[in-house]
Number of protein chains: 2
Amino acid sequence: MVEKLNLGTIGTSWITEQFIHAADETQRYQLVSVYSRSLEKAKKMSGVGQEVSLYDDLQMFLAHEQLDVVYIASPNSVHFAQARQALLAGKHIIVEKPAFSNVEELNEILNLAKKQNKYFFEATRTLHEDGFNQVKKHLPTQLVGANLTFMKYSSKYDELKNGGSPNIFSSQYSGGALMDLGIYLLYAAIGWFGRPTDVDYIARKLPTGVDGIGTILLRYPTFDVTMQVGKVANSFLPSEIYGEEKTIIINAINSISSIKEYSQATGKTETIACKNNENPMVEEAENFAEVLTNKKNEVIQKDYQEWLKLAKEVHETIAKLKIRANIQFEADQKRK
Amino acid sequence: MVEKLNLGTIGTSWITEQFIHAADETQRYQLVSVYSRSLEKAKKMSGVGQEVSLYDDLQMFLAHEQLDVVYIASPNSVHFAQARQALLAGKHIIVEKPAFSNVEELNEILNLAKKQNKYFFEATRTLHEDGFNQVKKHLPTQLVGANLTFMKYSSKYDELKNGGSPNIFSSQYSGGALMDLGIYLLYAAIGWFGRPTDVDYIARKLPTGVDGIGTILLRYPTFDVTMQVGKVANSFLPSEIYGEEKTIIINAINSISSIKEYSQATGKTETIACKNNENPMVEEAENFAEVLTNKKNEVIQKDYQEWLKLAKEVHETIAKLKIRANIQFEADQKRK
């Protein structure tokens with residue numbers, strides 16, 4: 001029998017539950033402990049069996065000896081302190097995207113992970129899904145542009161308009177459209193096209209100082225990528241990648257379930273097959289387990305290095321976009 | 001019997017034929033003369049009957065006494081000289097969009113038309129179609145943005161790549177994506193949302209100096225409009241207009257045949273009925289005839305003034321976009 005990775009989780013929202021189910025589906029993890037500020041909430045997590053320890057004290061949660069890897073899905077601005085503490089306690093970490101509020105935090109975690117000889121994963125599930133890689137395989141030979149969109153009205157916006165202060169729209173919790181949805185667009189663009197040479201972000205900011213809707217421009221030497229992001233309106237636009245010889249049509253950047261390829265030569269549109277997992281976090285859970293259990297496999301470890309490089313490029317790009325749109329989080333102030 | 005407007009045409013491409021058929025369908029025009037540099041080509045125009053005079057000399061064509069109104073669909077850069085000559089000969093003019101290479105030419109024509117007591121129409125057919133007006137009627141009460149696209153691979157691009165110099169991609173003939181397709185996007189945006197306060201155009205230029213593909217940004221006090229235009233790749237994206245309470249989805253800006261309205265409150269998408277003419281130039285031909293035959297009708301004449309205002313705003317916006325993307329036509333050089 002293959003030994004399982006002992007998993008602990010931080011955060012008790014739906015996304016943590018989904019990761020627990022995904023980890024379970026891979027059969028490569030064993031959930032051993034759950035942390036929440038409230039034991040009551042921790043207990044209510046689905047998939048939490050008798051043999052799982054519940055904690056409302058982070059220090060004690062991290063002191064759990066069997067614990068190998070911690071999945072962190074607290075509000076964005078809290079990731080850093082918890083990730084740091086987990087690494088110091090000798091645990092590997094999987095951090096929900098966007099992992100950190102700024103590049104400085106990311107670099108500190110990368111350095112600490114290296115020092116502690118532990119792994120850090122940004123939980124960018126799309127990157128590990130088949131659709132993402134199918135698009136990459138089918139890119140036009142000569143790109144002339146791309147138009148990617150991810151824009152979804154958030155019910156939390158009603159809360160904001162009614163005088164509330166939901167985390168997702170607060171600068172205290174490093175919220176806003178760019179961080180919450182733009183991250184998918186940036187991973188797609190940078191994952192597919194590489195690091196842009198110049199960027200711009202034309203954003204409409206909310207009274208809380210974070211962005212509600214905007215247009216992201218990524219410039220490359222011979223083409224540009226235009227991206228629309230927003231949490232104050234709904235878009236139903238598919239995304240497209242342009243070559244002179246073909247156009248790739250993607251149903252949704254955050255959840256690729258249909259890819260089509262239009263050929264200029266034949267005038268025909270064909271479907272590119274792509275596998276879809278019912279739980280979209282299964283592939284990332286599987287891939288992270290591969291890395292953690294094959295430390296001497298060069299191919300697998302090279303993949304890991306690629307993910308880190310991409311995480312860095314995405315965080316650096318976000319930093320530039322924030323400057324362009326004059327967005328600052330409280331976490332950024334602390335870094336000054 | 002209502003007296004018909006005597007129509008003459010300049011240009012012998014498909015668009016002129018389509019306008020002749022449209023004019024005929026309204027039963028308000030009588031085609032009396034056709035000008036082409038080649039009599040052979042003029043003769044081949046469909047719809048040209050025995051009673052139509054053919055000319056290969058512009059001066060003689062314009063000297064035709066019965067001629068009331070001239071439709072001009074020559075290459076963009078030639079419009080100005082022909083429009084001027086027609087006005088001086090005492091004819092009304094309908095000029096294919098984009099009417100002129102720059103604002104200076106437009107202003108000169110507007111002044112001359114006034115002086116000559118003649119009418120100038122820019123043949124922006126979309127503006128006169130039902131779909132355009134249905135969208136305007138159904139705009140969100142509070143706009144938060146829009147994403148409009150019109151991008152179509154041109155077979156002339158193959159010609160260009162093979163060493164040819166098609167008019168549509170030449171600066172001599174005031175070509176490029178902005179002029180050829182962007183004009184539809186700009187009429188839509190400015191017609192629906194008004195004059196922008198600031199603009200940008202991130203364009204990829206071809207070796208001929210004109211634009212092949214690009215992203216147009218129109219900024220308004222409380223929202224932004226992002227537009228994608230191009231002639232070197234194909235897009236199948238619909239266009240969208242965003243409010244917090246609803247999203248309007250338009251199948252194609254150059255030819256609106258389907259409009260849908262998604263409501264945030266109900267989560268439902270409904271179809272907005274819009275009439276479609278088989279020949280999309282019928283409505284404009286009809287509307288121009290209305291103006292020309294109802295010179296004392298204030299409501300109709302006010303419509304005409306609105307079209308002129310819009311033509312001016314569109315030409316002024318194009319001028320700004322050209323500066324942003326560093327696009328210059330030979331016609332612009334002459335104006336310096």
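By contact I mean heavy atoms within 4.5 Å. This is a predicted model, in which local features need pLDDT of at least 70, side-chain atom pairs count only at pLDDT 80 or more, and totals for chains, interfaces and linings use all residues. Residues are numbered from 1 along each chain as its sequence is written, chains are lettered from A and ligands numbered from 1 in the order in which they are written, and side-chain values use heavy atoms, with hydrogens and water left out.

Start with B:Gln228, in strand S10 of chain B; strands here are DSSP runs of E, at least two residues, and helices are runs of H or I, at least four, numbered from the N terminus. Is B:Gln228 buried or exposed? It counts as buried, because its relative accessibility is 3%; the cut-offs are under 20% for buried and over 50% for exposed, with partly exposed in between (1.4 Å probe, protein chains only). Its side chain makes a polar contact of 3.4 Å with that of A:Thr226.

A polar contact is a pair of N or O atoms within 3.5 Å; within protein, one must be able to donate a hydrogen and the other to accept it, and residues adjacent in sequence count only if both atoms are side-chain atoms. Between chain B and chain A, 30 residue pairs qualify, both at pLDDT 80 or more. Strands S7, S8 and S10 of chain B are among the elements that each supply at least two residues to this side.

Now the whole interface. Each chain contributes 36 residues. The two chains bury about 3,100 Å², 53% of it on carbon and sulfur atoms; that is accessible area (1.4 Å probe) lost on being put together, summed over both. On the chain B side, B:Arg204, B:Leu237 and B:Glu244 lose the most, together 21% of what that side buries.

There are four salt bridges (Lys or Arg side-chain nitrogen within 4 Å of an Asp or Glu carboxyl oxygen). One of them pairs B:Glu244 with A:Lys161 at 2.8 Å, N to O.
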